[in-house]
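Trainee: Could you take me closely through one part of this model, the sheet, together with what packs on it and the charged pairs in the rest of the chain? I would like one connected account.

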Amino acid sequence: MIVADPAIAVDVLASGRLCAIPTETVYGLAANALNPQAVAAVFEAKNRPTNHPLIVHIAAMDALDLWIHDLPGWAHELAEAAWPGPLTLVGPSTSLASDAITGGQETVAVRIPDHHLTLEVLTRLHELEVHGVVAPSANRFGHVSPTTAQHVQNDLGEYLAAHDGVILDGGPCRVGVESTIVLATHNAPTILRPGGITRKFISEVTGLEILESTSHSPRVSGTLDSHYAPQARVTLLNTAEFDNQVHTKNPELSGAGLIAYRETATPDGMVRLCAPASAQEYAHELYGALRLADQQDLDSIIVVVPTDDGVAEAIRDRLQRAAF
Ligand code: TXA
Ligand code: MG
């Protein structure tokens, strides 16, 4: 059931049921982080392998210490600058975070999302001593993340209806790609997953050089080779490659979906899925466009990949996994 009243979401979550919540990035499938059965239901609903850890969403900075201990100073400054907003910090976990949440690791992921309805829900839950909700993206595991309440309904509506869960409708998500996940266990940041907060912002706020992610860095399921994938086959091209295919009238283009910046014209026979004018718009429209291709039963999607920096880094990351 799709609802608009945050008070319903508070009741549902406080009683241990699941509620999809709007955030600025994508919709999350939320459960009381302190209730083991509720956390287990999140994995069941998504069909998510249990060793993939979850992000804890909190209302305000004062709940951070309940989850993470000994956060480095630079990470505190970054959180102050970015929250509420599309940043997730992974730091040393307190005993409050169960193994189900951390995937049995020593670290836990935490963020304050930037959506007025969800902040209201989190604040009221905090007053009820529910000091956070876990919330992975509210899609079936491996599928495209949802950026509207209807996307959640399409993926998880049946499960939620059968288990008295609800979807809180907060409109389309402003950013459209997930949060940037930053490892905060060293003396400088490591980006585990690029996202809504840019590399430039992180280095400017912290004044630190960003460390490279290594095979010793913690597992991030959003960095599996194949993830964020629609049914249709996704092919990534740069502008020159695309122009060449148009020029040579490659029959593969016929009937395929097209995702590209607005300046790229739609060749005859292709189905335009979105035409963003900036990297922000590209991020905002990407997941909806991938889902639209499946709704229209397209076999193939051609994507002209953005080459700029900023949030385009996250777009490229997701596209590579969608195309794998
Ligand atoms: O924008 C977002 O981050 C959205 C919204 C709903 O907040 N959430 C989201 O959750 O993208 P999910 O579960 O789809 O992706 C969370 C990622 C996973 O790749 C997971 O592996 C990683 O966070 N993660 C969670 N806890 C971690 C930890 N302790 N160490 C390393 N990675 C962790
Ligand atoms: Mg996800």
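**The sheet and its surroundings**

Mentor: In this predicted model, 10 strands form an open sheet with mixed pairing, and their order is E1-E8-E2-E3-E7-E4-E6-E5-E9-E10. The edges are taken by strand E1 (2-3) and strand E10 (190-193), each of which has a single partner strand, so one side of each is left without a neighbour in the sheet. Within the sheet, strand E4 (residues 55-57) runs antiparallel to strand E7 (residues 133-134), the two being paired over 2 bridges, and here Val56 stands opposite Val134 in E7. Helix H2 (residues 36-46) packs on the sheet, where it touches strand E3 (28-32) and E7, and the direction of H2 makes about 155 degrees with that of E3. Helix H4 (residues 73-82) also packs on the sheet, touching strand E5 (87-92) and E9, with its direction at about 155 degrees to that of E5.

Turning to the charged side chains, the count comes to 11 salt bridges. One of them joins Asp114 to Arg174, with the closest N and O atoms 3.2 Å apart. Asp114 lies in the loop between strand E6 (107-111) and helix H6 (116-127), while Arg174 lies in the loop between strand E8 (166-168) and strand E9 (180-183), so the pair ties together parts that are 60 residues apart in sequence. Asp114 itself, at 30% relative accessibility, counts as partly exposed.

In helix H6, the side chains of Glu120 and Arg124 form a salt bridge, at 3.2 Å from N to O, and these residues, 4 apart in helix H6, are separated by about one helical turn.

Finally, salt bridges link Glu178, Asp317, Arg318 and Arg321 in a network.

Terms used:
Residues are numbered from 1 along each chain as its sequence is written. Chains are lettered from A and ligands numbered from 1 in the order in which they are written. This is a predicted model: local features need pLDDT of at least 70, side-chain atom pairs count only at pLDDT 80 or more; totals for chains, interfaces and linings use all residues. Side-chain values use heavy atoms; hydrogens and water are left out. A salt bridge is a side-chain nitrogen of Lys or Arg within 4 Å of a carboxyl oxygen of Asp or Glu. Buried means under 20% relative accessible area, exposed over 50%, partly exposed in between (1.4 Å probe, protein chains only). Two strands pair if DSSP finds at least two bridges between them. Contact means heavy atoms within 4.5 Å. Axes are lines fitted to C-alpha atoms, for helices over the stretch in contact, and angles run from 0 to 180 degrees between N-to-C directions.
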